[in-house]
Amino acid sequence: MKKKLIAGNWKMNASLAANESLVRALQAGLAANPARCDVAVCVSAPYLAQLQGLLAPGGMALGAQDVSAFEAGAYTGEVSASMLKEFGVRYCLVGHSERRLYHGESDALVASKAQRALAAGITPIVCIGETLAEREAGRTEEVVKRQLAAVIAANGHCVSEIVVAYEPVWAIGTGKTASPEQAQQVHAVLRAQLQAASAHAERIQILYGGSMNAANAEQLLAQADIDGGLIGGAALKSADFLTIIAAAQ
Ligand code: PEP
């Protein structure tokens, strides 16, 4: 059975002091109760060096929250995949709904970012999900399949190296969670799409994200096609994040 992945997305919530105390608390919790899943924390770029120093080999993995679609050059403010790699980054979020919404990221741009990450040996966590209006219009499947199709088309057989995070936009940071059945239904659609694209689709972890917390994680993670979680708010509280990790076996 493939290992689950629990990834924390700290978003733009961090400071040197807060990061250190959160990591230390997580490390103490995991020393007492070792994880049976993969664990990662995705931090803002300025803190990668700090986290690289704090995280021990074989423990929690380091993740970034975004990557440039360009390799190098005159792209002021951008951070390339090879730069992330130099700081020990193992995972990188691409296409988070907040980037699609506030930064106008298109499906094609997200696919290019995934490509750059893969080329640098970083696993992209490709975030996809429908808005409330799209769900209410009965367009959930169409939207998530379109978003994933762009990544499949750009990455060919390498798609078996990605992680997918299904994050219904209406559930992110809202306290509203997709029910385990709603989430499983979409995950099964995504699994079928990946299977049609790759002979190795079974190994692709499909995470659920959207107000996953200490109370609902176990039920969500028990679904057949939910291979882990992408956690925002609850990843900032060590006790909650540790409970979610413990729920992932
Ligand atoms: C996220 O930002 O990816 C997320 C899932 O946030 P939250 O858990 O706070 O809904």
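Predicted model: local features only at pLDDT ≥ 70, side-chain atom pairs only at ≥ 80, totals over all residues.
Is Asn155 buried or exposed?

1. Residues are numbered from 1 along each chain as its sequence is written, and side-chain values use heavy atoms, with hydrogens and water left out.

2. Asn155 is buried, with a relative accessible area of 8%, where buried means under 20% relative accessible area, exposed over 50% and partly exposed in between, for a 1.4 Å probe and protein chains only. The residue belongs to helix α7 (residues 140-155); helices (H or I, at least four residues) and strands (E, at least two) are DSSP runs, numbered from the N terminus. Once neighbours within four places in sequence are set aside, Asn155 is in contact with Ala111, Ala114, Gln115 and Leu118, contact meaning heavy atoms within 4.5 Å.

3. Helix α8 (residues 180-197) has 18 residues and reaches 25 Å from its first C-alpha to its last, close to the 26 Å expected at 1.5 Å a residue; the expected span is 1.5 Å times one less than the number of residues. Among its buried residues are Pro180, Ala183, His187 and Leu194, and what covers the buried residues of α8 includes β5 (123-128), α7 and α9 (217-221).

4. Arg191 also lies in helix α8, and at 4% relative accessibility Arg191 counts as buried. Leaving out residues up to four places away in sequence, Arg191 touches Lys2, Ala201, Glu202, Ile204, Ile206, Asp225 and Asp227.

5. The count of disulfides comes to zero, a disulfide being a pair of cysteine sulfur atoms within 2.5 Å. Cys42 is in no disulfide, and the nearest cysteine sulfur, that of Cys92, is 7.6 Å away. Cys42 is buried, with a relative accessible area of 0%, and Cys92 is likewise buried, with a relative accessible area of 0%.

6. The ligand is surrounded by 14 residues, of which the closest are Lys11, Glu167, Gly173, Ser211 and Gly232; a residue is near a molecule if one of its heavy atoms lies within 4 Å of it. A polar side-chain atom of Glu167 lies 2.7 Å from an oxygen atom of the ligand, while a backbone N or O atom of Gly173 lies 2.6 Å from an oxygen atom of the ligand. The protein covers 96% of the 290 Å² of accessible area that the ligand has on its own, areas coming from the Shrake-Rupley method with a 1.4 Å probe.

Conventions. Polar contact = N/O pair within 3.5 Å; in protein donor to acceptor, adjacent residues only side chain to side chain.
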